[in-house]
Amino acid sequence: MAPSAAGSLAAVIGSLVLLVAGVSGARLPARGAVVRGTPLPRGGAPATAVFALGSFWRSEAAFGCLHGVIRTSVGYAGGSKANPEYRNLGDHAECVKVEYDPRLIHYKQLLDVFWASHDPREVFGQGPDVGNQYRSVIFTNGTIEARLAALSKEKEQAKDRSSVITTQIQPLGVFHHAEPEHQKFELKRKPFLLQLIGNLPEEELLTSTLAAKLNAYAAELCPANTQKRISSKIDEVAKKGWPILKEI
Ligand SMILES: *[C@@H]1O[C@H](CO)[C@@H](O)[C@H](O)[C@H]1NC(C)=O
């Protein structure tokens, strides 16, 4: 890459970092920190929540845009098979792991997003995704989470008694990370966006807050006003002369 092109690309990445920091209201991390994956918060341990709600490609995107979410990744849990793989996951469910700052977002809010992001009354899958791997599960860690999950399920059931909420609530056992090609899947479907953030290597895609947000944006799962703000920012950045666009 020519030095000027590298400079423009750095500017683009800088703008996107600003953009996402602005959108989320988060403090701006030091430059380079985002590109190397996002560090976990200081002074407050991150918390982890794991949910299964159908295809994990979409599940990951459903949580990526939330203020306070630090990292998202997808994997397999809830079964007993030792080394699950996408084409051979045994009795596991596809799930998303959400790492978040509990000072910024509460577990209850994650539960609200869980319920709103799929149809927990569907039996044996979600829409075209049919099978046990697409079942609805809240994986809990400890009695507080288990109680909050049970309460939220009761509330969801009370909305309509004519059908049954199929969601299971169970303690999280082992979470097996899915293969790299399934991480940030929605973002990877938009190579333009991937290039905008400098084609991060897989291990950085896994830990980057920016990538988690853009993954949600790619799936159009950020709030409408946020989608609009990111779109216009990307247009603006592209108009200013993104090197790859210039060469076309
Ligand atoms: C479960 O919660 C405890 C704190 O209550 C924490 O130390 C541990 O890392 C959590 N485990 C997972 C898998 O999130």
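1. Basis. The model is predicted, so local features need pLDDT of at least 70 and side-chain atom pairs count only at pLDDT 80 or more, while totals for chains, interfaces and linings use all residues. Residues are numbered from 1 along each chain as its sequence is written.

2. Overall make-up. The protein chain has ten helices and eight strands (DSSP runs numbered from the N terminus, helices being H or I of at least four residues and strands E of at least two). Of its 248 residues, 39% are buried (20 or more other C-beta atoms within 10 Å of a residue's own; 12 or fewer is exposed, in between is partly exposed, and C-beta atoms are placed from the backbone). Among contacts between residues at least 6 apart in sequence, 73% join residues at least 24 apart (a contact has C-beta atoms, placed from the backbone, within 7 Å).

3. Helix H2. Nine of the nine residues of H2 are buried. They include Phe56, Trp57, Arg58 and Glu60. The buried residues of H2 pack against strands E1 (47–53), E2 (69–77) and E3 (93–100), and against helices H3 (107–116), H5 (185–188) and H8.

4. H2 with H8. The axes of H2 (residues 56–64) and H8 (residues 209–218) come within 7 Å and cross at roughly 110° (axes are lines fitted to C-alpha atoms, for helices over the stretch in contact, with angles from 0 to 180 degrees between N-to-C directions). H2 is therefore roughly perpendicular to H8 (65 to 115 degrees; under 35 is roughly parallel, over 145 roughly antiparallel and the rest oblique). Glu60, Ala61 and Gly64 of H2 make the contact with Ala212, Lys213, Asn215 and Ala216 of H8. By class, the residues of this contact are three nonpolar, two polar and two charged (Ala, Val, Leu, Ile, Met, Phe, Trp, Tyr, Cys and Pro count as nonpolar, Asp, Glu, Lys and Arg as charged, and the others, Gly among them, as polar). The crossing of H2 past H8 is left-handed (the near helix is turned anticlockwise from the far one by less than a right angle; clockwise is right-handed).

5. H3 with H4. H3 and H4 (residues 143–158) pack at about 40°, with axes 10 Å apart. H3 is therefore oblique to H4. H3 passes H4 in a right-handed crossing. From H3, Tyr107, Lys108, Leu111 and Trp115 meet Glu145, Leu148, Ala149, Ser152 and Glu156 of H4. This contact has five nonpolar, one polar and three charged residues.

6. Leu221. This residue is in the loop between H8 and H9 (224–239). Leu221 counts as buried because 21 other C-beta atoms lie within 10 Å. Its C-alpha atom is separated by 8.4 Å from that of Gly64, 157 residues apart along the chain. Neighbours within four places in sequence aside, Leu221 is in contact with Ala61, Ala62, Cys65 and Ala216.

7. Pro46. Pro46 lies in the loop between H1 (3–24) and E1. Pro46 has 16 C-beta neighbours inside 10 Å and so counts as partly exposed. Pro46 and Pro102 are 56 residues apart in sequence, with their C-alpha atoms 6.7 Å apart.

8. Ligand shell. Thr48, Asn141, Gly142 and Leu172 are the residues around the ligand (C-beta atom, placed from the backbone, within 6 Å of the molecule). The shell has one nonpolar, three polar and no charged residues.

Definitions and conventions. Contact = placed C-beta atoms within 7 Å.
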